[in-house]
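Dear colleague,

I am passing on the structure below, together with some notes on what turned up when I went through it. Please read the notes with the coordinates open beside you.

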Amino acid sequence: MTKLNPIERSKYINARYKEYLRSTFQFGNGELQTLFENELKKETLFKGPYVALTLPFQRGKSVKSLIKEGIVCKSFAKLDDVNFERPLYSHQEEAIRRIGAGHSAIVTTGTGSGKTECFLYPILNDLMNDVEGGNNEVGVRAVFLYPMNALVNDQIDRVRKILRNCPDITFGFFTGDTKETVPQNYREKYNKETSVSIPKNELVSREEIRQHPPHLLFTNYSMLEYLLIRPNDYEIFSPERLRNWKYVVLDEAHTYYGSLGIELSMLMRRFTALAEKKPRFIITSATLGKQGKSEQDIVDFARNLTSTHFDKRDIIFSKRVPLTQDSNISVDGADYIKLKKNSNNYTLVKEVCGRYDIKSGRNVSELLYQLLCHDVHVHKIYNLLKKEAKNFSDILENISDLSDKQLIALIDLINLAKKDGTGIFDLKYHSFVRPLSGAFVTLGVPQQLSLTKTNNIGKLKAFEVGNCRFCNAPYIIGKIQHNLNDQLDYLFQNKEVDIYENYGNNEFIRVDYFLMKNTINEDEVEKNSLEEYFLCARCGAIYHAANLNARKCECGNAYKRIVFKVVQSNKGDELETFNNINQCPYCGHKSHSGVVKSLNLGKDEGTALIAQTLYEAIDEGVYTPQHTGKLSLKLGDKKRPIKESEEKVKQFLAFSDSRQQASFAAVFFNSNHVRMLRKRLIWKIIEDQKYRSITVDELASYLTALIKNRNLFQNGLTAHKNAWITLLVDLLKVDGSYDGEGLGLYYFDLDLSEIMNQIDEADVKTEFGKYGLTKADLETLMHVVFDIFKVTPAIKYVKSTLTPDEKLEYLDFRRFDNYVMFNCAKAINGIRSFLPVKGKNMVVRYVQKVCKCDENEAKELLDVVFNNLAIEGGILKRDPTKNAYQIDASSYVIKNYMNNKYYRCSKCGRLTPYNVHNACVQDKCNGTLKKVDPDVVLAHNYYRNQYKTKKLRVS
């Protein structure tokens, strides 16, 4: 992908986002699918980009000046990684003065305003003063509390650099990552492994911190809770160790709201009660309120949180520098593009600026500053945005003499322009993306659908709908609750009962799932897996069909609809799934995390999805170094080393005020990345092998080498194991309709060549001619019916060397070591019957559909296929103790759509490479297969495009 400008990037994100939604939520080719796609086109889910203006911070005195003034002690100059000459921001200077004068403080300045210096400098100054006066006692002087470990870790390098030459001041980081003990050579070993030097005044283990509590202790509020209740850790805060305790810093204090704020307030009361003298509090946040409007609210918040006295004078706001220069230059739009393109070329930038009588500037940033601070267009942008952010299109409309590319270049140049470290102002792009909150459908004729939360559409009740992640079967989602007023049961929706804000298992809010029609595989699901209900399409009243005495609503039979409630199985190791179902009665697929996906993306999935799309959109392409200057013609001159083109490293940061949401989003982001990366790896091998058929053993070998060479999958497993996981996820159909076969890319075929070489076309015609089967048809039929071995699963893959725990983690419900028996008369754990125990199953039904024959004829044909061909041909491997069979994974080859035909069902929309008499391979579907080009029919499928084009990189 080439580098995108902000507008192109926004369009890319919007397109990919809707592509993902359209690809993820499918309901076949029926009316519901058409309704969904039409509504999705109408929905405005993406807004922006907006452009926001931030004025530069006002400068104050330098640290050197404050030392001369006596505000900061002379020994402060011993600190490293501090710029003593550069002027501080005025709010940093104010914080140093206010806190140094003995007050608590509330620092509420913007993002990137140097809030850390606001509390770290005055605290270090106080400590250095104590050391100068001879007070170097062991014990905590300042406790720094952060809402999450990531913020604690951000401070480690900074504090190490500042205090590396100040052995009298000790510090330590106590989090869940802190080791209990470390060997004596830990620092040396750590330095060799990471090239990071740990100073001797840093306490690196819990044992060290307990024995010699550091002057500066960095932790999070959860760990502090443990430190106060664990006997072994309590000595850190013993009264004699807190004699010199002066400060508590609460960073990102705005995260402590609601119940968490109450908990932290109680924790602070317990904590500060340990010392004879209460410490001062320093609270920081970028978003506590606005100056001139929120002072009293800010003070009240700080008082409630810390039980400490604050007044309005303790609030430290930032001060900004407005644009005051005259606008007497009008830069030509073409020059913006030229300047942006050559922003690393001082000579060329100076030449362009010279056209506008700007001739002085020590570097490119200063030249741009001198030019743009007087530019008419810059002043127009300032006046447009100084009060509020505006959409890029609105700005473009107001500056009509610039094109969109010229305006983009100007915005970039404004951000580059600086003089003495201060810019004209900063411009940032902001976009807003709204996740789907669900799909709601009526059960009337015709159906209606809304992608906005609603209880009714017109005069009919709206029911939330979701789909099976494996077969796309539609489900109604809701909660049956009793109404005390009319004594009726109703099927309530998410807007009436909150069912999505509950993380993890929640036994008190149980969601009910209903199939819209009775499509069930009798041999795979017990009889009690479905319960028939009558549901009113007008008011949502519901009652069990078997309850003849049930109270009914007064809407009438015209609105009565039949739905089937899914009853979860809970036997053996198949754990019950809360807020979902663990098996789809329509396709038989299972998943311990649930098989039904609602169109409510939620905070976690929605955030992670947008993050992943944005991560792709910031692709910087390939960097090719370019030489400037002249080449030498003199004999003996050394050649300059030339670097090869290399891919630029991308950096992506995401922020969340909720540790829980950050954790869930990170897990989804990584799992989604890994899932798509595995498919991409398989397609990469297929591409490298020129689209030829590849055996599973070859594929495993190629994948192992590729994963090892690229250092992919940082999960602690070997490249060999990751290679087998990659191919088994597809071979065993773990991802259902989102696997390579379902998306028309590649599929795993049994190698039936030896069997078919022993069969004559004439023999096939003699035995099965009455069904219209050819030799090729028979081979295809075998591929379809033996698919049962993949989904059971009854595949032998000992070569993978995966442990049971690894199978559980990566293969989910496909982890079991099962077998298939031709005709199993009774239920046996771990064995599936090829023929149905009674009645029909999907295998029998498929043969009947293809051959237009009765049940007995279908079973006879399957007898020949299973016993005469598969067993005698050596494809099925018998277990002597079970008299049942498996197929070795090595018996499969992977084929792809480039050299093989693909078909699509006219009714259910399923793609398949298998076609006998144009009969759909989907069970209980009577649709007709038609040849298609997957590149055409799935041109805009998000997953397929990811599988084909995703870059091979570690997450």
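Among the contacts in the protein with a separation of 6 or more, 72% are accounted for by residues 24 or more positions apart. Please keep in mind throughout that this is a predicted model, and that every value here has been computed from it. The protein has 955 residues, of which 53% count as buried, and along its principal axes the C-alpha trace spans about 105 × 80 × 65 Å. Its secondary structure comes to 31 helices and 40 strands.

In one of them, helix α1 (residues 6–24) meets helix α31 (residues 942–949), their axes coming within 7 Å and crossing at roughly 115°, which makes α1 roughly perpendicular to α31. On the α1 side the contact is made by Arg16, Glu19, Tyr20, Ser23 and Thr24, and on the α31 side by Tyr942, Tyr943 and Asn945. Sorted by class, the residues of this contact of α1 with α31 are three nonpolar, three polar and two charged.

The other pair is formed by helix α25 (residues 775–785) and helix α29 (residues 855–871), which pack at an angle of about 85° with their axes 11 Å apart; α25 and α29 are therefore roughly perpendicular to each other. Here α25 contributes Leu778, Leu781, Met782 and Val785 to the contact, while α29 contributes Leu861, Leu862, Val865 and Leu869. The class count for the contact of α25 with α29 is eight nonpolar residues, with no polar and no charged ones.

Turning to the strands, there is an open sheet of three strands in the order β30-β37-β31, and the pairing is antiparallel. Its edge strands are β30 (694–695) and β31 (746–750), each of which pairs on one side only. Between β30 and strand β37 (residues 892–896) the antiparallel pairing runs over two bridges, and the bridge partner that Thr695 finds in β37 is Val893.

I also looked at the cysteines, and the structure holds zero disulfides.

Is Gly176 buried or exposed? With a relative accessible area of 52%, Gly176 is exposed, a value to be read against the cut-off of over 50% that the word exposed requires. Leaving aside residues up to four places away in sequence, Gly176 touches Asn149, Arg206 and Met223. Gly176 and Leu952 are 776 residues apart along the chain, and their C-alpha atoms are separated by 32 Å.

Conventions. Residues are numbered from 1 along each chain as its sequence is written. This is a predicted model: local features need pLDDT of at least 70, side-chain atom pairs count only at pLDDT 80 or more; totals for chains, interfaces and linings use all residues. Side-chain values use heavy atoms; hydrogens and water are left out. A disulfide is a pair of cysteine sulfur atoms within 2.5 Å. Two strands pair if DSSP finds at least two bridges between them. Helices (H or I, at least four residues) and strands (E, at least two) are DSSP runs, numbered from the N terminus. Axes are lines fitted to C-alpha atoms, for helices over the stretch in contact, and angles run from 0 to 180 degrees between N-to-C directions. Angles under 35 degrees count as roughly parallel, over 145 as roughly antiparallel, 65 to 115 as roughly perpendicular and the rest as oblique. Contact means heavy atoms within 4.5 Å. Ala, Val, Leu, Ile, Met, Phe, Trp, Tyr, Cys and Pro count as nonpolar, Asp, Glu, Lys and Arg as charged, and the others, Gly among them, as polar. Buried means under 20% relative accessible area, exposed over 50%, partly exposed in between (1.4 Å probe, protein chains only).
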